[in-house]
Amino acid sequence: FFALLFLAALTLFSCEKESQPMDTTANSEAKLLQLDLLYTGSTFTTTINGSDITLNRPLPLGADKVSIRAIAVSTGATVDKKNNDELLVGPNPVEITVTAEDGLTKATYSLSFDLLDYTSIVEKHGLLQVDGNKIVDENNETVSFAGNSFFWSNNGWGGERYYTADVVRWLKLDWGTTIIRAAMGVDESGGYLEYKLPNKNKVKTLVDAAIDAGLYVIIDWHSHHAEDYTDEAIGFFEEMATLYGEYDNVIYEIYNEPLGISWSATLKPYAEAVIGAIRAIDPDNLIVVGTPEWSQRVDHAAADPITGYSNIAYTLHFYTVYHQQDLRDRATAALEAGLPLFVTEWGSIGYTQNDPETELWMDWCRTNNISHCNWAVNDKQEEWSILSPGGSTTGNWSDFDLTQAGLLARRIIRAWPEK
């Protein structure tokens with residue numbers, strides 16, 4: 001009797017056990033944790049919110065497919081996509097399904113693609129014009145652009161290696177740059193006065209690449225003593241105006257950073273002479289004029305602006321370790337006096353992405369619709385270079401190729417409102 005009872009109990013236990021899942025410890029979480037996409041070498045990260053996946057920056061107009069660079073899911077889960085899979089870009093979202101380790105729980109995510117509404121920022125906005133203290137586009141809409149200044153073009157200085165069309169294309173694609181600056185060294189060693197053709201050709205390489213890419217480009221007479229070389233400046237800008245005056249992309253910066261010279265007695269007469277030569281050939285492209293004391297005394301220009309020519313803006317430069325609220329107050333007063341400003345060069349504190357003064361300056365630029373170019377596209381071992389030593393001269397830079405200053409500048413440029 002007892003043997004029969006034991007056998008019956010054992011049979012009942014076995015039946016109950018078979019009716020339960022074999023693995024009671026399997027994870028039931030089906031979650032997509034990360035999705036990074038790749039488009040022509042540039043990484044596009046995403047934000048996952050519930051079941052919706054959105055790009056953190058838009059793809060170029062005309063992008064037709066992307067590939068998966070990295071995908072991660074919850075522990076033990078599987079996903080119906082893998083690294084290097086190609087996804088078609090279109091109006092319909094791409095679905096991605098994650099299956100939990102338990103094999104029962106599933107979650108479906110929907111990836112939507114955001115694309116820019118233009119292929120060329122210049123085609124979108126056209127010729128830039130000064131209107132009061134603002135810079136506006138051909139539709140009379142106030143604009144503000146963010147981009148990169150290249151380093152001195154001087155032969156043998158190192159930064160000239162980055163004067164390539166590939167770098168310009170990469171900055172547009174990966175950084176979202178809408179404006180670049182060709183900083184042609186003039187009177188320092190290896191500069192234009194010593195090597196005219198090589199330096200001029202470097203500038204032309206960047207200008208031609210910017211036109212091809214649909215970017216705005218500043219042709220910068222990069223000198224601290226331009227008033228000593230007025231005739232040379234006139235000859236150079238006459239040639240640039242003849243070559244490029246028909247292109248809305250082009251902006252002339254006729255003096256980078258004057259030193260402690262008089263605005264009214266020295267700098268303004270120099271500017272009027274060079275502007276007159278440009279205007280005889282190119283009547284309407286924007287011209288930017290440097291201001292005394294490393295382009296910081298915009299108050300001097302505001303008190304005695306150039307009135308004989310139109311479409312003139314004035315240069316403001318800042319480096320956050322040196323220039324803070326006092327200079328912002330001075331610049332704000334100049335704006336209130338009616339002076340249009342353009343930040344053709346600025347630098348962060350360097351060696352860190354934690355720079356509160358940079359954030360304050362960028363807030364100021366956004367508030368006042370000021371365009372700006374970050375210094376500098378170079379791998380020199382100094383705090384303002386965006387590249388670590390040995391950075392490629394053809395672009396395709398990873399995060400590891402960028403300095404802390406470069407990572408900070410890229411974040412700012414990518415997020416700038418005008419895209």
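Buried means under 20% relative accessible area, exposed means over 50%, and partly exposed lies in between (1.4 Å probe, protein chains only). This is a predicted model, in which local features need pLDDT of at least 70 and side-chain atom pairs count only at pLDDT 80 or more, while totals for chains, interfaces and linings use all residues. Residues are numbered from 1 along each chain as its sequence is written, and side-chain values use heavy atoms, with hydrogens and water left out.

**Stop 1: helix α11**

Select residues 404–414, which make up helix α11; helices (H or I, at least four residues) and strands (E, at least two) are DSSP runs numbered from the N terminus. Of the 11 residues in α11, 8 are buried: Ala405, Gly406, Leu407, Leu408, Ala409, Arg410, Ile412 and Ile413. Next, show what covers them, including strands β11 (146–150), β17 and β18 (372–377) and helices α3 (165–175) and α10.

**Stop 2: aromatic pairs**

The whole structure holds 18 aromatic pairs. Rings of Phe, Tyr and Trp (its six-membered ring) pair if their centres lie within 6.5 Å; planes under 30 degrees apart count as stacked, over 60 as edge-to-face and the rest as tilted. Select Phe151 and Trp375, a tilted pair at 5.3 Å centre to centre with 40° between the planes. Phe151 is in the loop between β11 and α3 and Trp375 is in strand β18, so this pair ties together parts that are 224 residues apart in sequence. Phe151 has a relative accessible area of 4% and is buried; Trp375, at 5%, is buried too.

Then select Tyr319 and Trp384, whose ring centres are 4.9 Å apart with planes at 70°, so the pair is edge-to-face. Tyr319 belongs to strand β16 (residues 312–319) and Trp384 to the loop between β18 and α11, so parts 65 residues apart in sequence are tied together. Both Tyr319 and Trp384 are buried.

For a cluster, select Tyr192, Trp221, Phe236, Phe237 and Tyr252, which form one aromatic group.

**Stop 3: charges over rings**

A charge sits over a ring if NZ of Lys or CZ of Arg is within 6 Å of the ring centre and within 35 degrees of the ring normal. Select Arg57 and Phe44: the charged end of Arg57 is over the ring, 3.7 Å from its centre. At Arg328 and Trp361, the charged end of the arginine is over the ring, 5.1 Å from its centre.

**Stop 4: backbone geometry**

Most residues other than glycine have a negative phi, and most peptide bonds are trans. Return to Trp375 and select Ala376 with it: a cis peptide bond joins them, with omega about 5°. Ala376 also lies in strand β18.

Move to helix α7 (residues 292–295), where Glu293 is found. Glu293 has a positive phi, near 55°, and is partly exposed at 31% relative accessible area. Ser295, in helix α7 as well, has a positive phi near 60°. Is Ser295 buried or exposed? At 0% relative accessibility, Ser295 counts as buried.

**Stop 5: an exposed loop residue**

Select Leu104, in the loop between β7 (94–99) and β8 (106–112). Leu104 has 72% relative accessibility and counts as exposed.

Technical notes. Contact means heavy atoms within 4.5 Å.
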